[in-house]
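Trainee: Please put the model up, and we can go through a helix pair and some backbone angles.

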Amino acid sequence: MTNIFDNYLDTVFGEHKQADFKIKQFKKNYFRFFPKNKNAKILDIGPGRGEMLTCLHNEGYVNLKAIDISSSITNFCINLGYDCELVVNTQSYLAQHKNTYDLISMCDVLEHIPKVKAIDILLCLKEALTNNGSAIIQLPNMQSADASLYMYHDFTHEVGYTEHSLFQLLKTCGFSKIDFYGFEYLDD
C-alpha cells in the first residue's frame, strides 16, 4: 500500500488543486462544531488536499496542524502554507500528543484503517483531545444506497461502517457524546 499512499494525490485526486466546493461543504456541515476560540489547537488527520484546513483558516483559526502518511499529500499541504507533517504511524503521533487538541478532524480516513487497528487509533485520538475537546469523523455510510460505490471506489479502503457499528466502536473507545449527521451537499 505504500506505493499507493506515496502517490495518493495523483492516484485519488488527480488534480493538484483544492476543490472550492469541498471548502464550502465543510463550512456548511461542520462550522457549528468548530471551537469558539480561534486560538484552539486543531489537528486534521488525513487532510487530502487541505480543504478542511482552508475552511478553518478562512474562519480565522490559527493553530492548525495536519498529519498524513502520504508524502504527496503532506507536500501539497505544505505548499499551500499549512503545517503538515509526514507521519509513519498515526497512533504513535497521537499517543505522543495526549491532551493537546481542542478539535481533531478525520474526514474519510477511518475506512482506510484496518479493523484490528481501529480501536487503538480511536483510543489514542480520544486521549489526544483536551478535556472539552471534540472530534469530527466523516466516513461513508454503508447503509446508503450507493454504499458499494464508496466502499470500493478507493483500493485502500479496508472497512465499511454503519451508524450502529461506528457508534459501537466510538462507545467502546470512551466517547460519550456521539451524534450522527448526514452530509449536506451544496445547492446548485
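Trainee: How are α7 and α9 oriented to each other: parallel, antiparallel, perpendicular or oblique?

Mentor: This is a predicted model, where local features need pLDDT of at least 70, side-chain atom pairs count only at pLDDT 80 or more, and totals for chains, interfaces and linings use all residues. Residues are numbered from 1 along each chain as its sequence is written, and side-chain values use heavy atoms, with hydrogens and water left out. The axes of α7 (residues 115-128) and α9 (residues 163-172) come within 9 Å and cross at roughly 55°. Angles under 35 degrees count as roughly parallel, over 145 as roughly antiparallel, 65 to 115 as roughly perpendicular and the rest as oblique, so α7 and α9 are oblique.

Trainee: Which residues of α9 make the contact with α7?

Mentor: Contact means heavy atoms within 4.5 Å. On the α7 side, Ala 118, Ile 119 and Leu 122 take part. Their partners in α9 are Leu 169, Leu 170 and Thr 172.

Trainee: Is Asn 99 buried, partly exposed or exposed?

Mentor: Asn 99 sits in the loop between α6 (90-95) and β4 (101-107), with a positive phi of about 55° although it is not a glycine. Buried means under 20% relative accessible area and exposed over 50%, with partly exposed in between (1.4 Å probe, protein chains only). At 46% relative accessibility, Asn 99 is therefore partly exposed.

Trainee: What is the phi of Asp 108?

Mentor: Most residues other than glycine have a negative phi. Asp 108, in the loop between β4 and α7, is partly exposed at 31% relative accessible area. Although not a glycine, Asp 108 has a positive phi of about 60°.

Terms used
Axes fitted to C-alpha atoms, helices over the stretch in contact; angles between N-to-C directions. Helix = DSSP H or I, 4+ residues; strand = E, 2+ residues; numbered from the N terminus.
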